[in-house]
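Work through these exercises with the structure open. Try each task before you read its solution.

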Amino acid sequence: MSVAARVEHIRKSMQFVIKLGGSIPNAHLDYKPVAGNEKVLDFYHTFVPQEAGGKGLAKVLVEAGFKYAGEEGFQVRPTCTYIAKFVEKGATPEQIKVVEDSFKPRM
């Protein structure tokens with residue numbers, strides 16, 4: 001179950017961020033362009049602080065990242081283990097469409 005959270009896309013640092021406030025670190029998804037293919041984004045790291053774990057924040061970040069990739073014509077390379085599991089077990093058909101072919105789940 002996902003929570004309602006405001007995701008901010010910070011292009012300069014190549015992150016999707018949920019600001020948690022106070023002394024709790026921000027939750028974030030980090031990405032980078034794949035060398036030699038500017039139309040593929042490597043989603044390589046997600047982080048949710050322990051204090052905010054179990055609330056669906058990582059999923060919210062990943063969904064925002066996939067939405068951005070789809071809208072902007074990018075493909076996603078899911079090298080983060082959380083995102084790879086998301087693709088394998090929980091991605092919608094629309095999200096699977098933006099996954100780089102060699103990383104699409106085997107049907």
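## Exercise 1: Gln95

Gln95 lies in helix 3, residues 93–97. The model is a predicted one.

**Task.** Decide whether Gln95 is buried or exposed, then find which residues Gln95 contacts beyond four places in sequence.

**Solution.** 
- Step 1. The relative accessibility of Gln95 is 12%.
- Step 2. Buried means under 20%. Gln95 therefore counts as buried.
- Step 3. Leave aside neighbours within four places in sequence. Gln95 is then in contact with Glu63, Phe66, Phe86 and Gly90.
- Step 4. Now look at the side chain. A polar atom of the Gln95 side chain lies 2.8 Å from the backbone nitrogen of Thr92.

## Exercise 2: helix 1 against helix 2

**Task.** Determine how helix 1 and helix 2 are oriented to each other, and list the residues that make the contact.

**Solution.** 
- Step 1. The two helices, helix 1 and helix 2, pack at an angle of about 75 degrees. Their axes are 11 Å apart.
- Step 2. Angles of 65 to 115 degrees count as roughly perpendicular. Helix 1 and helix 2 are therefore roughly perpendicular to each other.
- Step 3. Helix 1 makes the contact through Ala58, Lys59, Val62, Glu63 and Phe66.
- Step 4. Seven are nonpolar, none is polar and two are charged.

## Exercise 3: the nonpolar core

**Task.** Say how many residues the largest nonpolar core has, and which element gives the most to this core.

**Solution.** 
- Step 1. The largest nonpolar core has 26 residues.
- Step 2. Those with the most contacts inside the core are Phe16, Leu29, Tyr31, Phe43, Phe66 and Ile83.
- Step 3. Two or more residues come from each of strand 2 (15–18), strand 3 (27–34), strand 4, helix 1 (57–72) and helix 2 (81–89).
- Step 4. Helix 1 gives the most to this core, with eight residues.
- Step 5. In soluble globular proteins, nonpolar side chains tend to be buried together.

## Exercise 4: Tyr31, Gln15 and Met14

**Task.** List what Tyr31 contacts beyond four places in sequence. Then find which side chain forms a polar contact with that of Gln15.

**Solution.** 
- Step 1. Leave aside neighbours within four places in sequence. Tyr31 is then in contact with His9, Arg11, Met14, Gln15, Phe16, Leu41, Asp42, Phe43, Tyr44 and Tyr68.
- Step 2. Take Gln15 from that list. Gln15 is found in strand 2.
- Step 3. The side chains of Gln15 and Asp30 are joined by a polar contact of 2.6 Å.
- Step 4. Take Met14 next. Met14 sits in the loop between strand 1 (8–10) and strand 2. Met14 is not a glycine, yet has a positive phi of about 55 degrees. At 30% relative accessibility, Met14 counts as partly exposed.

## Exercise 5: Val48 and Glu38

**Task.** Place Val48 in the chain and find what Val48 touches. Then decide whether Glu38 is buried or exposed.

**Solution.** 
- Step 1. Val48 is in the loop between strand 4 and helix 1.
- Step 2. Val48 has a relative accessible area of 25%, so Val48 is partly exposed.
- Step 3. Not counting residues up to four places away in sequence, Val48 touches Ala27, Gly53, Leu57 and Ala58.
- Step 4. Glu38 is in strand 4, residues 37–47. At 61% relative accessibility, Glu38 counts as exposed.

Notes. Residues numbered from 1 in each chain as written. Predicted model: local features only at pLDDT ≥ 70, side-chain atom pairs only at ≥ 80, totals over all residues. Heavy atoms only, no water. Helix = DSSP H or I, 4+ residues; strand = E, 2+ residues; numbered from the N terminus. Buried < 20%, exposed > 50% of the residue type's maximum accessible area, 1.4 Å probe, protein only. Core = buried A, V, L, I, M, F, W, Y, C linked by side-chain atoms within 4.5 Å. Contact = heavy atoms within 4.5 Å. Axes fitted to C-alpha atoms, helices over the stretch in contact; angles between N-to-C directions. Parallel < 35°, antiparallel > 145°, perpendicular 65-115°, else oblique. Nonpolar A, V, L, I, M, F, W, Y, C, P; charged D, E, K, R; others polar. Polar contact = N/O pair within 3.5 Å; in protein donor to acceptor, adjacent residues only side chain to side chain.
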